[in-house]
Structure formats: C-alpha cells, structure tokens
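Welcome! Have a look at the sequence and the model below, and then we will walk through a few features together.

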Amino acid sequence: MRPIFGPNTRQVLTFLTDLWLLSPEEINRVTRAWREVSDVERAESWAQLHRAASLRERNSYLAAASVARKQAMDVASMLQRTDWAFWAAAWDAAAAIAARERLGSHYDILISPLATVFPSLSGSGNRLQVPAQRSERQAAAKREAASRGKVTETSSKQGAHRSGRAGMEAR
Amino acid sequence: MSSRFTQLFEHSPDAMVIVDRTGQINDANKQAEALFGYGRDQMRGRSVNTLFPGQTVPLSNGSGRGERVGSHLDLVGSSSDLRQFPADVNIIPIQTQRGSAEVLSVRDITEEQRAQFVLELGLDVFESADRNLQSLLDHFIRAQEEERSRIAAGIHDDTIQILAAANLRLQQLRNRLDDPEQRDILDKLAKTLHMALSRLRQLIFDLRPTSPEHGGLESALRAVLEQMQSDLDVRYQLDDRCTSSLPASISALIFRIAQEALINVRKHAKAKMVQLEFQEVGGGCLARIVDDGVGYSPADVEERPGHIGLSLMRERAVIAGGWCRIESTPGTGTVVEFWVPYSGLPTQPEVRNERAA
C-alpha cells in the first residue's frame with residue numbers, strides 16, 4: 001500500500017471507512033466530546049505535531065486530516081447532522097492517527113472525541129487497533145442512512161436555496 | 001464430502017482446490033478448471049506446485065485444528081497454457097474422511113492490480129497537481145508580500161518625500177504673495193497636497209500594516225475593526241494575550257490571515273459582533289476569530305471554485321509551519337482558528353525542496 005498519509009496510512013484509511021458506520025447519536029456524542037476539550041490543549045497537541053514532524057510529514061498529516069474532514073462532512077450530511085464540531089473532531093483524529101508515534105500523550109487529546117465511539121482508538125501506549133467489531137446495530141444504521149441518502153441530499157439543497165445563501169458562494 | 005460441502009465447493013465464485021498434507025491435489029471445482037485450464041482429473045494427484053510453480057504453499061503439518069485458519073497469501077498462479085497471473089490465495093484447513101486437508105480458495109486479482117495501478121497513476125497526477133498548486137500559492141503569497149513591501153518603501157522614500165518638498169515650496173511661495181485671491185488658490189492647492197499625502201500614508205498602512213511605525217499587530221487590527229464598526233456597525237472584542245515580541249514576518253502573516261477573515265465577515269457574515277482572541281500556545285500564536293453572523297455550509301461553499309480567500313488563509317498558516325481551520329454552519333456564525341509558530345517562516349528553498357521531493 002502506498003503511504004499517502006505517512007506510515008500509518010492503513011490505519012487512517014480504516015478510520016475513514018469506519019466514519020461511515022457512525023449513527024446520528026454517535027455523531028452527537030463525538031460533537032459533545034469535541035466541545036468539551038479545551039481549545040488550548042488541542043492547540044498544544046497540534047503544536048506538538050508540527051514541532052515533531054518535518055514539512056513533508058506535516059503535509060501528509062494535514063492531507064489525512066483534510067480527507068477525514070471531508071469524509072466526516074459527507075457522513076454528517078447523510079445523517080442530517082450539521083454541527084461542524086464533528087468534522088473538526090475527524091480532522092483532529094485523522095491527524096493524530098497519522099502522526100501517532102510523534103504525539104506521545106497529545107495523541108489522546110486529539111483522538112478523545114472519536115474515541116468515545118471507537119474506544120479501540122484510545123491509548124497512546126498501545127499499538128493502534130481498528131475499531132474492534134462493527135456491530136449489527138451500526139451496520140443497520142449505515143444501511144438505513146444510505147437508503148435515506150438521496151432524500152437528505154435533495155432536502156438539504158432545497159433548504160440552502162430557500163435560505164437564499166447564494167451570496168456566500170463568493171467566499 | 002458431505003453434499004452440503006460439495007454444493008458450496010462447486011458453486012463457490014472462487015476457484016477452489018483441496019490439497020492433502022503432502023501437497024497433492026485431491027479435488028478441484030469448475031472455477032479452478034476455468035482459471036488454471038486443467039480438467040479436475042488432470043489436477044488430481046498432481047502437486048499443488050503445478051498451479052503455483054516455484055513457490056512455497058505453506059500447508060498444515062496435519063496436527064489439526066485451526067493452525068492457520070483463513071491464512072492468506074499472495075502468489076503467482078500458472079495455467080495450463082503457461083499464462084501467469086497474480087493470485088489471492090486463502091488456505092482453510094478441513095477434516096475429511098481421509099484425514100486433514102486444506103482448501104485453497106484462489107482468486108485471480110489481475111484486474112484489481114490493474115485498477116490499483118490506474119488509481120496510483122491518478123494519485124501521482126493528483127499529488128503532482130497539489131504540489132504545483134501549493135508551490136504556486138506559496139510563491140504568490142511571498143511575491144505579494146515582497147511587492148507590497150517594495151511599493152510601500154517606494155511611496156515612503158520617494159513619492160511622499162517629493163510631495164512634502166512640494167508642499168514646503170508652496171508655503172514659501174504663498175508667503176511671498178500679497179494678493180488674497182492668489183493666496184486662497186495656493187491654500188486650496190496645499191489642502192489638496194495634504195489630502196494626497198494622507199491617502200498615500202493610508203496606502204502605506206494597507207501595504208505594511210504591522211510595521212513598527214504603525215504600532216504593530218494589535219494596532220493594525222484595531223484600525224481594521226474600527227473601520228468595520230464605523231461602516232457596518234459591527235461591534236468587536238479584541239483580546240491580544242501574546243506577550244512575546246513577534247518577528248515582523250509572523251506579525252504580518254497573522255495580520256493577513258485575520259484581515260482575510262474580517263473581509264469575509266464584512267462581505268458575507270451580516271454579523272453584529274466579532275471576537276478576536278490571540279494567545280501564546282506551544283511556542284506560537286493561537287488565534288480565534290469568531291463572528292455571530294449567518295454562517296455558511298462548508299460542504300456547499302468549498303466544493304465550488306472562487307473561494308481563494310479561504311485557501312489563502314489556510315496556505316499562509318501552512319507555509320509558516322502552522323495550521324488553520326475555518327468552520328461554520330448556516331445560522332451559527334463562523335470560526336476561524338489558526339496557529340503559527342514563532343520560529344518563523346521557513347526559507348523558500350526548504351519549502352520548495354520538500355515539496356518537490
């Protein structure tokens with residue numbers, strides 16, 4: 001496998017895949033957990049990530065974070081969740097997974113919101129594991145969400161149109 | 001074999017062969033016949049190495065159960081016409097009436113490998129385009145700052161000096177005139193010159209807002225915020241808790257990111273309040289700019305071209321060795337958060353070499 005996100009590319013890809021298994025309630029839980037983490041602690045952890053890595057490594061960690069953020073936005077949209085704290089949490093978590101060996105205890109800070117739904121991600125001392133078992137409940141939630149996908153997309157676009165947000169497009 | 005197992009064996013979408021402890025093929029299904037080009041009678045009694053020549057197929061030593069349940073190998077298969085193909089092989093130990101054996105489930109992964117090759121080529125193209133884009137943005141941002149600085153220096157050292165000298169001569173000329181009408185004309189001319197000087201000084205501020213002559217970062221931001229409050233009635237809170245003396249390049253960079261965020265507030269947010277907070281974290285400056293405006297949907301906005309301001313904010317932070325996140329949801333305002341290290345901007349050659357690598 002090509003290490004597009006650094007040496008932990010496989011784990012990042014697993015994480016990206018597992019995001020699709022989250023239920024709406026689990027997204028809410030991640031969102032709440034992310035908001036409970038101190039901004040300063042989070043920034044300290046990111047600072048550690050930047051201090052400990054070369055520019056090239058940083059770019060691969062940021063690439064992992066960006067892809068995870070986009071993926072999380074898609075998942076949230078599919079499940080009609082709009083709080084950006086969820087994709088911010090995915091951004092942090094993907095960078096933490098990619099840079100795990102560089103982060104030490106800071107890993108736990110960045111991963112903690114997602115670890116509330118994927119407990120196997122937590123623990124800076126342990127070898128990274130994939131979320132252990134995908135329960136039937138999660139799989140069912142995913143199937144249900146997938147079946148709602150088109151409706152959700154249409155309604156969200158209509159909503160955006162109705163709210164007259166065309167002006168924001170120029171950003 | 002039980003009839004149930006026989007059915008599974010025969011109807012499996014994968015090629016399957018049953019191999020005994022010595023590596024001799026006992027049976028094969030029709031997919032195996034199709035894949036390897038041998039009839040099952042031709043395969044029976046032959047070594048499994050007929051199908052995977054020159055490779056070791058690790059088989060159980062017969063002690064039994066569960067030694068390598070579902071063990072997985074990447075081998076090169078060989079068919080009767082000597083065609084070779086990449087094969088994904090799963091080895092499953094089973095117990096038969098004649099003792100322990102192994103079922104080899106074989107899949108030709110030529111197409112998967114081709115697809116992966118195409119994907120990797122696409123990834124190469126994407127990475128190259130991304131590197132080029134980053135390099136271009138990097139160059140653009142640096143060139144923009146250098147050019148602004150050069151223009152500001154030119155205006156300060158040349159144009160303003162000339163205008164000031166002209167103003168002085170105008171005053172001398174005025175003092176020699178007795179005719180009130182002519183003095184009045186010269187007064188108007190002097191006023192126009194003052195206005196031109198004042199505008200040029202504002203232009204220098206816009207070009208070099210954080211220079212010491214203008215009072216640094218906080219003062220520069222306050223000027224922008226005051227202007228916004230005056231124009232749009234947007235109140236502000238500015239909390240600068242960075243006590244370190246910032247390098248000029250970092251100070252300018254922080255200002256430019258914040259300025260871009262404030263331009264967005266001004267243009268799009270319809271906000272009543274904007275809060276700016278700067279604090280020292282991890283050897284750098286953590287900035288948060290939060291407005292209470294209408295917000296936006298990142299998924300909608302970021303997918304469309306034409307939002308270079310957002311990209312420039314992120315890129316400026318990354319160039320400085322930091323990061324920037326811009327988050328929003330319709331109806332909940334926008335948060336711009338970024339961190340840049342005090343260690344300063346990396347030199348341009350380092351950036352280029354790393355990205356070219």
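## Chain B at a glance

What percentage of the 357 residues of chain B count as buried? The figure is 28%, where buried means that 20 or more other C-beta atoms, placed from the backbone, lie within 10 Å of the residue's own.

This is a predicted model, in which local features need pLDDT of at least 70 and side-chain atom pairs count only at pLDDT 80 or more, while totals for chains, interfaces and linings use all residues. Residues are numbered from 1 along each chain as its sequence is written, and chains are lettered from A and ligands numbered from 1 in the order in which they are written.

Chain B has 10 helices and 10 strands. These are DSSP runs numbered from the N terminus: H or I with at least four residues for helices, E with at least two for strands.

## A sheet in chain B

Let's turn to an open sheet of 5 strands in chain B, with the order β6-β7-β8-β10-β9 and mixed pairing. At its edges are β6 (235–240) and β9 (323–328) of chain B, each pairing on one side only; two strands pair if DSSP finds at least two bridges between them.

Within chain B, β8 (residues 284–291) and β10 (residues 334–341) pair in the antiparallel sense over 8 bridges. Here I289(B) stands opposite V336(B) in β10(B).

## A helix in chain A

Now for chain A, where helix α5 (residues 85–98) has 14 residues. Because 14 of the 14 residues of α5(A) are buried, this helix is largely enclosed by the rest of the structure.

Terms used:
Buried ≥ 20, exposed ≤ 12 C-beta atoms within 10 Å, placed from the backbone. Expected span 1.5 Å × (residues − 1).
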